[in-house]
Amino acid sequence: MAGSINKVILVGNLCADVERRTMQNGKPVCNLRVATSESWKDKDTGERKERPEFHRVVIFSEGLCRVAEAYLKKGSKVYLEGQIQTRTYEQEGLTKYATEIVLQGFNANLTLLDSPNSGRTYDGNDSGEPAGGFGGGGFGDDIPFAPVKLI
């Protein structure tokens, strides 16, 4: 199917610490559980309602695994970009389905939102180094920001 896009963006909090495993080829895989929520005001009662959603996230990028292990813990707020994948497996003779958000390759992105490294964006280039620095429009810390007054 030409012209299709499989991209997922999540902003949420980790439900548990990062779980690291090693595949048979020796490469690391990290599993995260991320909670997002939708909130609204009930029209009938006027009270605030909230519906949480829980997402399985799998990181296949070695660099992103290092970053996740080093900086993420239960409760951390993160911005993630990846792809949605559904896999099937057999358990006790039944076919089961698992839908996961997968971070791998150059389409993967992990941004720490509430840590000492907040705002750092890491991508799936396997280096574990920040991609694009701290953001902020590309200005360095040594350039003062001065508001412009319009006349």
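Me: What do the numbering and the atom selection rest on?
Reply: Residues are numbered from 1 along each chain as its sequence is written, and side-chain values use heavy atoms, with hydrogens and water left out. In this predicted model, local features need pLDDT of at least 70 and side-chain atom pairs count only at pLDDT 80 or more, while totals for chains, interfaces and linings use all residues.

Me: Why is H55 called buried?
Reply: The relative accessibility of H55 is 18%. Buried means under 20% relative accessible area, exposed over 50%, and partly exposed in between (1.4 Å probe, protein chains only), so H55 counts as buried.

Me: Where is H55 placed?
Reply: H55 is in strand β4, residues 48-59. Strands are DSSP runs of E with at least two residues, helices are runs of H or I with at least four, and both are numbered from the N terminus.

Me: What makes the pair H55 and T36 a polar contact?
Reply: The side chains of H55 and T36 are joined at 2.8 Å. The term needs a pair of N or O atoms within 3.5 Å; within protein, one must be able to donate a hydrogen and the other to accept it, and residues adjacent in sequence count only if both atoms are side-chain atoms. T36 is also listed among the contacts of H55 (heavy atoms within 4.5 Å), together with L10, L32, R33 and V34, leaving aside neighbours within four places in sequence.

Me: Why is the link between R51 and E38 called a salt bridge?
Reply: The closest N and O atoms of R51 and E38 are 2.6 Å apart. A salt bridge is a side-chain nitrogen of Lys or Arg within 4 Å of a carboxyl oxygen of Asp or Glu, so the pair qualifies. R51 is in strand β4 and E38 in strand β3, 13 residues apart. R51, at 45%, and E38, at 43%, are both partly exposed.

Me: How many salt bridges does the structure hold?
Reply: The structure holds seven. One of them joins D42 and K49, with the closest N and O atoms 3.8 Å apart; D42 is buried at 18%, whereas K49 is partly exposed at 31%. Another joins R66 and E62 at 3.7 Å. R66 and E62 are four residues apart in helix α1 (residues 62-71), and therefore separated by about one helical turn.

Me: How do you know that β2 and β3 are paired?
Reply: Four bridges join strand β2 (residues 19-22) to strand β3 (residues 28-41). Two strands pair if DSSP finds at least two bridges between them, so β2 and β3 meet the criterion. The strands run antiparallel, and R21 stands opposite V29 in β3. β2 and β3 form a hairpin with five residues between them, and G26 in the turn has a positive phi of about 90°.

Me: Is G82 buried or exposed?
Reply: G82 is buried, because its relative accessible area is 3%. G82 lies in strand β5, residues 77-91. The C-alpha atoms of G82 and V102 are separated by 5.4 Å, although the residues are 20 apart along the chain. Not counting residues up to four places away in sequence, G82 touches N6, K7, V8, I101, V102, L103 and N107.
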